[in-house]
Amino acid sequence: MLKDAGLESQSAEIKAWYDGYHFGDADIYCPWDVISYLRDFQYGVAQKPKSYWKNTSDNAIIRSFIDYAGDNITTKLETLMAGGSIVQHIEENLTYDYLHSSEENLWSVLYLTGYLTKVRDKDLTDSLPDGCSALMIPNAEIQEIFETTVSKWFDDSAKAWNRSPLFDAVWSGNSEALTKEMTKLLRMTISYHDYREDFYHAFLAGIFTGAGYVVESNKEHGEGRSDVIVKDIRNGHVAIFEAKYAKTLDALPDACDTAIQQINDRMYAADFRDDYDDILCYGIAFFKKRCMVRKK
């Protein structure tokens, strides 16, 4: 099909997006995706592979799953989204009526609807218990759907969480309380990208978005681009956050100092002196689900 469409040069990318389903010894692509993409390419609608499942009603299954998630499910979701696999019992004779009756049913539905697939037998490093399967996210398309759904879940959940103690800590300059509240929220999130910096940046911006503040990300200020700016225009406050990722827990203090030094060196606060009464500058360092905040 790719040869007929003149798309052989994109075979590796199309494989990464739409292949990855394993049935016994057979590996298959999702036929709906491949046909839809080739159709769109022929008519000039799409030049690169994209998700064709993203806007289907079935994606509500993942959101329902995440809303249900306790600590055990959250840990497994993080493993899957980081490219790993989980071992689960699969109930193949299952109806939607019993979706939330047990955790096993939730994983079974994700498998039966194509959001997860079995790890190939030849790729298994250990033997599996009877009746269990090793499950993984099959391809880039489904990975994107998980990430988009988790991001939307975090945005919605953050609005419902009581963030008043965190906001109070920000505007009072209490970095110790801010560290405590940030860490508390981190432990409630579902992380992905293996704790890369973009995860923490989205986390930081998401806390303040929708809370009545003006939030700017990666916007030029002074002589560089600060990570996150939060403006309380009515009360004349602005908070500048520069975030760093620490490679170890013990490296958090040094990463905080590096962030504060960057705020100083690049004069991020200079743009706000004429318009705001209080300019609070914070260096924040993250390591997995821990953080440390220091105030300039």
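Biologist: What relative accessibility does Asp 123 have?

Modeller: Bear in mind that this is a predicted model, with local features needing pLDDT of at least 70 and side-chain atom pairs pLDDT 80 or more, while totals for chains, interfaces and linings use all residues. Residues are numbered from 1 along each chain as its sequence is written, and side-chain values use heavy atoms, without hydrogens or water. Buried means under 20% relative accessible area, exposed over 50% and partly exposed in between (1.4 Å probe, protein chains only). Asp 123 counts as partly exposed, because its relative accessibility is 40%.

Biologist: Which residue meets Asp 123 in a salt bridge at 3.1 Å, N to O?

Modeller: A salt bridge here is a side-chain nitrogen of Lys or Arg within 4 Å of a carboxyl oxygen of Asp or Glu. Asp 27 belongs to a salt-bridge network with Asp 123 and its partner. That partner is partly exposed at 26% relative accessibility, and the residue is Arg 120.

Biologist: How many salt bridges does the whole structure have?

Modeller: One of them joins Asp 40 to Arg 39, with the closest N and O atoms 3.1 Å apart. A search of the whole structure gives a total of 11.
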